[in-house]
Amino acid sequence: MRRKLLLTLITTLTATGALADPLTDADEIVARANLAAYYGGSDGRSEVRMIISDAQGRQQRRQFTVLRRDIEDAGDQQFLVVFSQPSDVRNTVFLVDKHIDRDDDRWLYLPGLDLVKRISAGDKRTSFVGAHYFYEDVSGRRPSEDHHALVETTDGTYVLKHTPIDPQTVEFASYVTWIDRNTFLPMKIEYANAAGKLYRRVEVFEVEEIDGHPTVTTSRVSDLLSGGQTDMQFRYIKYDVGLPKTVFTERSLRNPPADRLRRPEK
Amino acid sequence: MRTWPLLLLLLPSVLLAQDDPWEDEVWGDETQRTTWSGFVEAGLGARFDTDPLTGSRNTLEELRLRIESQWHPGDVTVGFKADGTYDGVENSFGGHIRDLTAAFTVGGNTDIRIGRQVQTWGTGDLVFLNDLFPKDFVSFFAGRDDEYLKAPGDAIRVTRFSSAVNIDVVWAPVFEPDVFLTGERFSFFSPLAGGNVAPRPPLSAIKPGKSLSNGEFALRLFRTVEGREYALYAYRGFFKQPNALTPSLESTFAPLTSVGASLRQPLGRGLFNIETSYYLSRDDSNGSNTLVPNDQARLLTGYEWEAKPNFTVGLQYYLEWTLYHDELLGNSPFPQYEPDEFRHLLTNRLTYRVGRDQHTFSLFTFFSPSDRDFYVRPSYTYRHSDQWSLIVGGNLFGGDERHTFFKQLRDASNAYTRVRYNY
């Protein structure tokens, strides 16, 4: 683990030297970052596990598999999230139809009641299954929802500040992202409230190149006010697995596609 | 460049801080292997007032062990969920299978699920029009988990998916009624007695004979287009409540055919739904048969939105229109207890979640301006950990006239608590 991080840092450092002229257009940087973070390949799968810790150090666990399919790059996408742990959320399934021109459509399947529950559009910057991650973090926030400004360009990083176009729909007043100039992955995000106080931080600890795509494999979200945090690990990642659109329908809520969820052979 | 030395200085502490919290724990592959899980739960619910007609002050006095398993022989998924209970109110031990199913896919586009299963469809929130799958109102009123409102039934479900329209067909060879009020745990209003009764032995109802023609058949055609969910429904079976009488005046289930439709879609920042159904009472097509319920047209519309972060509001309006109402009153021995021609019901769900869903405050209110009665369900859920959770809640009934649906349960008003350990 430590060695991996060190390697990552060294790779980043060496790669920095070979960087092209820095970009200066904030919107373009955000567009590239959006592609790097959410649109690798034309589809993909990953297994995810989380440890949710509160300020007292009490821990909860979650484990799930995410399937993703892009309808077009930087455009509409579909996500299917199937939970396997803990036992009381096993077989809970979350389906997202992400849209660029309107609000996302989202459904949650609750197996105990055989209930397909729809989630309203406003309800997106709230906890995802008890984690410090938000529903919106699963599928990504539309770049068009914020104003973007390039604050600083360092040797390895673009620093951008983002302010919401409609502040009524979000809990933050602004956020700052540190985007790796080489991979365009956001490596750190800090959210500030209306009082200007930082209250939330997202950090990436490990990036690995998988199927040619630099991919986040370890990250953390911290609640800077209460002191809790959620650690996240991604494994068994694969891109371009050929997921058909039929996987992302009500069918998969009741009957998750076992063949598509099967762990890929390395 | 100035930042690098600082970063290098910080490096050891960074490494320390994000030392692998999983400590090389293996990643379980739950999708493939056989899983066993479940919970143990203790529940206690008590009336605010005693019901002079029923013996127990408690509505819930229960120990419950849930066992769940899933395994995958070949291309089949076998599911199993069962509860073992000790019920102090009825002083009995019981075993209840909630799910025992084999699920498999045929020809790529057809999913089949055979066995005992819980099923739900339709757009209502605790109001059901086209969902005629069995429900357990006794559990719901007593303070058991919401899950138990849906009772299991033995059925074959075939769902065929296609780009034009998806088709759901459910066939239950043997009619499975709701779990209804029998007087055992809760007393209920009897028009004959002109007040509440709790018969001993408890009320039993004559079920339709076990012939193939007495099975239940439910159909749903559904499709989602641009975020709009359209559905058409049909059902042939029986009213799920024993609201008919045989010629010898025993309770029974009247034959029912229903058709309906629903739409659910985003509207503004929230979700809008509308659903309608027509209940055709096959043995009383013109309202002249006193012993059998009349036809009904039902309409539901609702809107749900997140009013503040973590605070969700849901509103529903529901209408039950009893047809041939003049004939109903004209032929009824108890016209004063017959339903209004138009029964209006409003519901309101408020949900407030705090601390990443660790604390959930919920309030669900039913209020009927036509029956002038209400049912209020407050609850607080505390999720202490992945293993332990606690719920405290209540079921409060009231109204003006003793024969209305919620008012008859006034003496059942209770507060309950349940502690659960998930394993």
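Q: Which residue is the bridge partner of Phe39(B) in strand 22 of chain B?

A: Strands (E, at least two residues) and helices (H or I, at least four) are DSSP runs numbered from the N terminus, and two strands pair if DSSP finds at least two bridges between them. Here the partner of Phe39(B) is Asn422(B), and strand 1 of chain B runs antiparallel to strand 22 (residues 414-422), the two being joined by nine bridges. Strand 22 of chain B is also joined by eight bridges to strand 21 (residues 388-399), again antiparallel, with Trp388(B) opposite Tyr421(B).

Q: What should I know about the model and its numbering?

A: The model is predicted, so local features need pLDDT of at least 70 and side-chain atom pairs count only at pLDDT 80 or more, whereas totals for chains, interfaces and linings use all residues. Residues are numbered from 1 along each chain as its sequence is written, while chains are lettered from A and ligands numbered from 1 in the order in which they are written.

Q: How many residues of chain B are in contact with chain A?

A: A contact means that two C-beta atoms, placed from the backbone, lie within 7 Å; by that criterion, 42 residues of chain B are in contact with 50 residues of chain A. Several elements of chain B each supply at least two residues of this side, among them helix 1 (3-17) and strand 1 (35-47), and the largest share, three residues, comes from strand 16 of chain B.

Q: How many helices and strands does chain B have?

A: Chain B has three helices and 22 strands, and along its principal axes its C-alpha trace spans about 95 × 55 × 45 Å.
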